[in-house]
Amino acid sequence: MLSKSKVAVIGAGKMGETLISSLLEAEVVSNKQVVATAMHQERLDRIAQQYDIGTTTDNVDAIAGADIILVCVKPQAITAVLDEISGHLQPEQLLVSVAASVTTGFIEKHLASPNPVIRAMPNTPCLIRKGMTGISAGSHAAEEHVQRAQFIFDQVGRTVILDEKHMDAVTGLSASGPAFIYVVIESMAEGGVKTGLPRSVATELAAQAVLGAASMVLETGEHPALLKDVVTTPAGCTIDGLMELEEGGLRVTLIKTIVKATERAAALLGNN
Ligand SMILES: NC(=O)c1ccc[n+]([C@@H]2O[C@H](COP(=O)([O-])OP(=O)(O)OC[C@H]3O[C@@H](n4cnc5c(N)ncnc54)[C@H](OP(=O)(O)O)[C@@H]3O)[C@@H](O)[C@H]2O)c1
């Protein structure tokens, strides 16, 4: 789908580089089709050496001739970047922003022309192609633009197309989610350590339990509560563990965690 497209990555930081490396690795674009920008030349020197792609600190140069512009800067840098490139955009160029909190309406308002804009919210497991990306379309984006954006993020994991009103919740649940699960894994592993397991074994057991449980939910399509019931033998050990978990308020804590992260996601741009 992108075999003839030129891709400009504005802000080749952690997420920008993840997308560059995945697109190249999946051979959906060649190194000649990609150009990346960053603030600092040292970063670009490393990126150019590692991926053999074009690099420049000049965003306007980078977007010249690009079919797709992936905007991967922090939310607080986005206004400056949009103001910089706005007057140089060709009407058919597709902008895909991964910036948390930044709406397609905000981006459209900063552009001189009615370019198609897509908002995407990936997460860090994209690094190992196990990511999750929520995607929503701006007011000038057609189905084919959504498909092109989806194709990009399909290279780094699963994708879901959503109405933009849900994107802050995607940020709070799915983009921040891995951090919450790392704490769960760490804590389960501590439980294993407390009961005598070597830490490395405990961490592996905890992580694989989380991976296995997540795969069961995704692959069987069963409700998590039903899957939990299958593990929970009457008068067995799991029900005793579940009682502790309920007493500790894990459920309500996690619900409040996602709500808080979502609220913060909505406020990121305004607070910076
Ligand atoms: N990391 C995540 O888990 C994640 C998940 C979903 C979405 N996102 C979104 O992805 C975006 C980037 O996050 P990140 O974690 O990748 O941050 P990051 O590593 O700090 O990357 C940001 C990059 O933008 C570059 N940059 C800053 N100002 C620029 C400008 N004016 N022109 C061109 N490049 C510029 C920086 O260059 P230098 O390196 O030279 O300073 C840096 O490479 C954010 O908007 C975030 O909301 C991140």
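In helix α8, residues I181, V184, I185, M188, A189, G192 and V193 meet R199, A202, T203, L205, A206, A207 and V210 of α9. Contact here means C-beta atoms, placed from the backbone, within 7 Å. By class, this contact holds 11 nonpolar, 2 polar and 1 charged residues. Nonpolar covers Ala, Val, Leu, Ile, Met, Phe, Trp, Tyr, Cys and Pro; charged covers Asp, Glu, Lys and Arg; the others, Gly among them, are polar.

The model is predicted: local features need pLDDT of at least 70, side-chain atom pairs count only at pLDDT 80 or more, and totals for chains, interfaces and linings use all residues. Residue numbers start from 1 along each chain as its sequence is written.

**Helix packing**

Helices (H or I, at least four residues) and strands (E, at least two) are DSSP runs, numbered from the N terminus. Axes are lines fitted to C-alpha atoms, for helices over the stretch in contact, and angles run from 0 to 180 degrees between N-to-C directions.

| Helices | Angle | Axis separation |
|---|---|---|
| α8 (residues 177–194) and α9 (residues 199–220) | about 135° | 8 Å |
| α7 (residues 167–175) and α12 (residues 250–267) | about 130° | 8 Å |

The angle of about 135° makes α8 oblique to α9. The angle of about 130° likewise makes α7 oblique to α12. Angles under 35 degrees count as roughly parallel, over 145 as roughly antiparallel, 65 to 115 as roughly perpendicular and the rest as oblique.

The crossing of α8 and α9 is right-handed. So is that of α7 and α12. A crossing is right-handed if the near helix is turned clockwise from the far one by less than a right angle, and left-handed if anticlockwise.

From α7, D168, A169, T171, G172 and L173 meet I258, A261, T262, A265 and A266 in α12. That contact has 6 nonpolar, 3 polar and 1 charged residues.

**The sheet**

Eight strands form an open sheet with mixed pairing, in the order β3-β2-β1-β4-β5-β6-β7-β8. Strands pair if DSSP finds at least two bridges between them. β3 (54–56) and β8 (157–161) stand at the edges with a single partner strand each, so one side of each lacks a neighbour in the sheet. Twist averages 20° from one strand to the next.

Strands β1 (residues 7–10) and β4 (residues 68–71) run parallel, joined by 4 bridges. V7 stands opposite I68 in β4.

**Around the ligand**

The shell around the ligand has 28 residues, of which G11, G13, H40, A99 and A100 come nearest. A residue is near if its C-beta atom, placed from the backbone, lies within 6 Å. The elements giving two or more residues are α1 (14–25) and α4 (75–86). α4 gives the most, with 4 residues. By class, the shell has 17 nonpolar, 8 polar and 3 charged residues.

Key: Contact = placed C-beta atoms within 7 Å.
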